[in-house]
Amino acid sequence: MTALLGGLLIICLHLLGALSGLMALMSSRTSQGAIAWIICLITFPYLAIPAYWFLGRPRFYGYVSAREQRDTSLRRVLDQFRTLVEPAFAHPEDARLRAVERLAMLPMTGDNHCQLLINGHDTFESLFQGIDQAEDYVLIQFFIVRNDALGQALKRRLIECAERGVHVFFLYDEIGSHALPERYFEELRAAGIAVHPFGSSKGWRHRFQVNFRNHRKIMVADGHHGWVGGLNVGVEYRGESKKHGHWRDTHLKLTGPAVLGLQESFWEDWHWATGDILSLAWHPHAAPGKARQHVVIVPSGPSDPLETASLLIQHAINQANERFWVTSPYFVPDQGVQDSLKLAALRGVDVRVMMPERPDHLLVFLSAFSFLGEMIRAGVKIYRYQPGFLHQKTFLIDDHTSAVGTVNLDNRSFRLNFEVTAYVSDQAFAAEVAQMLEADFASCRQVMLEEIEKRPLWHKLAARAAYLASPIQ
């Protein structure tokens, strides 16, 4: 009897594995991902079935997006935002920007001012100043918040802000910030601060969505000033970690109507996390002075109908005529981005990719070696940053367009994470970004083809094996 039950269980598991394989075939976003899951589900269903149901979901279901016409309650507020923004701050028609706006499902606006914040000291000084000067509300969202000296400093600032009568809304990723103790949140709530995790597995219908992350780092003060970029909250992001040492990162302070794009991204995430629709100021304000920078905020994530982040990067590469420079701590782009980089280099564009010398995620680091040789042969220049850990996510197109955001060039950022990018069309700001990146390249070493080809066999095998797992890394 026991043997019969065991046999039936094995048959059921293999049938379930086959059915799950069919689901992977029909829903996986990449052919590589579909093949990897199908082989595992049919061959090793005992281990692969739970892994697929927890890690293999191709889309994030249940997320409400105000940018989609079907979400009428949220859409009414966004329509008000656009009605105010577009007549006053519309930019000249430019075919290069039309695709970006359509990917963002948000308008590009003029009369903005962008300030580069290089590394942790400048970034957190600016963030803390923004909190101290807020008068009405602060929206703050990070992937990682640590309970260290910097995390405690942030908590004190937010509590002092709330005690002045400012409304503070604090959103964090439940997995990225899993180490935060409950006491941290209790102290914030005791001061009247609204605190919620972004839980991708919220509710019984979405209980298997545990492989998704909200990787956004956003702060908005009063709807007038916004911050976005690569830095989380922890002493390592100020270069104070013995493990990582110097931490190279970039953030952006934004003033002007485009801030409402950051606000809209936070507003949607807050609605997912809480079910509430925040009552915020949606009237756009031009940046003071002679600011004329055109900016569009591009939120991206696994609930999008298109693969927004990957398409944005491919579009940016295809726009380049003279140079395309990009920085990313994790470089395992999908085939479309790889091909776009190679084609740009073949047509004579100065294509440079900057990544860290030392890894903090071994599998992702190894994966890159499986295709770096092919990239270098096509003319793509690969640079590794030497002084410490490189974490910035930026790119530069010729002398006219640049971007700062949270997107890494890997499958997780392209398909599994909620991300956000500030896409800036302005020559003066592009020149600032170029100057910043030139200084960074001076602290890099260029990877040569000989280095890739002379690796030992075990390293080549490990790199290929790691790359096969890239769709679920």
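This is a predicted model: local features need pLDDT of at least 70, side-chain atom pairs count only at pLDDT 80 or more; totals for chains, interfaces and linings use all residues.
Colleague: What makes Tyr-184 and Phe-185 an aromatic pair, and is it stacked or edge-to-face?

Modeller: Rings of Phe, Tyr and Trp (its six-membered ring) pair if their centres lie within 6.5 Å; planes under 30 degrees apart are stacked, over 60 edge-to-face, and the rest tilted. By this rule the count comes to 16 aromatic pairs. Tyr-184 and Phe-185 are 6.1 Å apart centre to centre, with 80 degrees between the planes, so this pair is edge-to-face. Together with Phe-170 and Tyr-172, they form one aromatic cluster.

Colleague: Why is Tyr-184 called buried?

Modeller: Buried means under 20% relative accessible area, exposed over 50%, and partly exposed in between (1.4 Å probe, protein chains only). Tyr-184 has 1%, so it counts as buried. Phe-185, at 4%, is buried too.

Colleague: How do you know that α9 is largely enclosed?

Modeller: Helices (H or I, at least four residues) and strands (E, at least two) are DSSP runs, numbered from the N terminus. In α9, 15 of the 16 residues are buried, so the rest of the structure largely encloses this helix. Helix α9 covers residues 259-274 and reaches 22 Å from its first C-alpha to its last, close to the 22 Å expected; that expected span is 1.5 Å times one less than the number of residues. Just after α9, Gly-275 takes a positive phi of about 85 degrees.

Colleague: What makes β10 and β19 a strand pair?

Modeller: Two strands pair if DSSP finds at least two bridges between them. Seven bridges join β10 (residues 293-300) to β19, so these antiparallel strands qualify. Pro-299 has Val-420 as its bridge partner in β19. Strand β17 is also antiparallel to β19, over five bridges, whereas β5 runs parallel to β19 with two bridges. As for β19 itself (residues 417-425), nine of its nine residues are buried.

Colleague: How do you know that the charged end of Arg-323 sits over the ring of Trp-325?

Modeller: The rule wants NZ of Lys or CZ of Arg within 6 Å of the ring centre and within 35 degrees of the ring normal. The charged end of Arg-323 sits over the Trp-325 ring, 4.7 Å from its centre. Likewise, Arg-352 has its charged end over the ring of Phe-441, 5.0 Å from the centre.

Technical notes. Residues are numbered from 1 along each chain as its sequence is written. Side-chain values use heavy atoms; hydrogens and water are left out.
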